[in-house]
Number of protein chains: 2
Amino acid sequence: MDVDDLTGQGLLQVLATLANPHRLRVVAALAGERNYVSRLARSLGISRALLQVHLRKLEAAGLVSATIEVSEDGKAMKFYEVTPFALHLTPEVIADAARTLGPESELEAGAR
Amino acid sequence: MDVDDLTGQGLLQVLATLANPHRLRVVAALAGERNYVSRLARSLGISRALLQVHLRKLEAAGLVSATIEVSEDGKAMKFYEVTPFALHLTPEVIADAARTLGPESELEAGAR
DNA sequence: GGCACCTGCTAGATTTCTTTTGCATGTGCT
DNA sequence: AGCACATGCAAAAGAAATCTAGCAGGTGCC
């Protein structure tokens, strides 16, 4: 997945989503191996409820994806894995994305 | 400036700083031309006080830098300009940075 | 049945971020 | 002196993100 072509809103969402220690750790953990909620929660040392909240945001931003699988012993488990993304951030890229953010820039040329 | 070699904390700060529409616009505006506070505020259509707050955060994250200059007519003006940064974000990079974030990862191998 | 796992949700308390408002200081020009 | 424009800071209000605690449902095994 190439996050380069993102609308301002999209970029903003990705940044906001990544700007959190827990979510950063989640991405890091999933980068190593896919995992299911409960196990991942234990592994990270946080509550399942909290992890779910963060996973929802990560999924909403398109950074991770989930798949439901039934284990041999019949338990339904939700596996998460990272979306292979690549974000190249530079002032120029931001300048581009900013155009598709919101107005406010219309007057730019006006202020002298 | 290469933001690739950032400590987890540093990466987190950069992300949190960029995750805001106003600050994104500021970076975008400064990417085009350096500018001084009052003029930039007018250009973006926001109050000077608000802009100052955002500029402080951007500066704290090392994304912009300021220089005080005295104009011909004696007015002291504070010019800001973007730091030419380059951030390449991928799950792997995050996995790396996450190690220098905080503990919590010590048990990773333990949970089975 | 009772226990160990798996999943899901949300109301409410907290904390943190964002924005406004108001006051202060300084220079130059009329 | 009065006005225009530059800077700076901070308290208080408002808005948003975060985390906890509690409840819900399901399967398999002893």
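Which residues are the closest to DNA strand C? In this predicted model, local features require pLDDT of at least 70 and side-chain atom pairs count only at pLDDT 80 or more, whereas totals for chains, interfaces and linings use all residues. Residues are numbered from 1 along each chain as its sequence is written, and chains are lettered from A and ligands numbered from 1 in the order in which they are written.

DNA strand C is surrounded by 20 residues, the closest being A:Y36, A:V37, A:S38, B:A49 and B:G74; a residue is taken as near a strand if its C-beta atom, placed from the backbone, lies within 6 Å of it. Two or more residues of this surface come from each of α3 (37-44), α4 (48-60) and β3 (76-82) of chain A and α4 (48-60) of chain B. Helices (H or I, at least four residues) and strands (E, at least two) are DSSP runs, numbered from the N terminus. The surface near DNA strand C comprises eight nonpolar, six polar and six charged residues, where Ala, Val, Leu, Ile, Met, Phe, Trp, Tyr, Cys and Pro count as nonpolar, Asp, Glu, Lys and Arg as charged, and the others, Gly among them, as polar.

DNA strand D is likewise surrounded by 20 residues, with A:N20, A:A49, A:G74, B:V37 and B:S38 the closest. At least two residues of the surface near DNA strand D are supplied by each of α4 of chain A and α3 (37-44), α4 and β3 (76-82) of chain B. The class division is eight nonpolar, six polar and six charged.

Between the protein chains, 36 residues of chain A are in contact with 36 residues of chain B, contact being defined by C-beta atoms, placed from the backbone, within 7 Å. On the chain A side, α1 (8-18), α2, α3, β4 (87-89) and α5 (91-99) each give two or more residues, and α2(A) gives the most, with seven. This side has 24 nonpolar, six polar and six charged residues. Strand β4(A) runs antiparallel to β4 (residues 87-89) of chain B and is joined to it by three bridges; strands pair if DSSP finds at least two bridges between them. Within this pairing, A:H88 has B:H88 as its bridge partner.

Chain A superposes on chain B by a rotation of 180 degrees with 0.0 Å of shift along the axis (RMSD 0.0 Å), with least-squares fitting on the C-alpha atoms of residues with pLDDT of at least 70 in both. The two copies are thus related as by a two-fold rotation axis. Among the residues of chain A, A:H88 comes closest to this axis, at 2.3 Å (C-alpha). The copies meet through the same surface, because 100% of the interface residues of chain A are also interface residues in chain B.

In chain A, three strands form an open antiparallel sheet in the order β1-β3-β2. Strands β1 (35-36) and β2 (64-70) stand at the edges with a single partner strand each, so one side of each has no neighbour in the sheet. Seven bridges join β2(A) to β3(A), and A:A66 stands opposite A:Y80 in β3(A).

The largest nonpolar core has 57 residues, of which A:V27, A:L30, A:L63, B:V27, B:L63 and B:I94 touch the most other members. Helix α2 (residues 21-32) of chain A contributes the largest share, seven residues. Excluding residues up to four places away in sequence, A:L63 touches A:V14, A:T17, A:V27, A:L58, A:V82, A:T83 and A:F85.

Definitions and conventions:
A nonpolar core is a set of buried Ala, Val, Leu, Ile, Met, Phe, Trp, Tyr and Cys residues joined through C-beta atoms within 7 Å. A residue is buried if 20 or more other C-beta atoms lie within 10 Å of its own, exposed if 12 or fewer, and partly exposed in between; C-beta atoms are placed from the backbone. Two residues are in contact if their C-beta atoms, placed from the backbone, lie within 7 Å.
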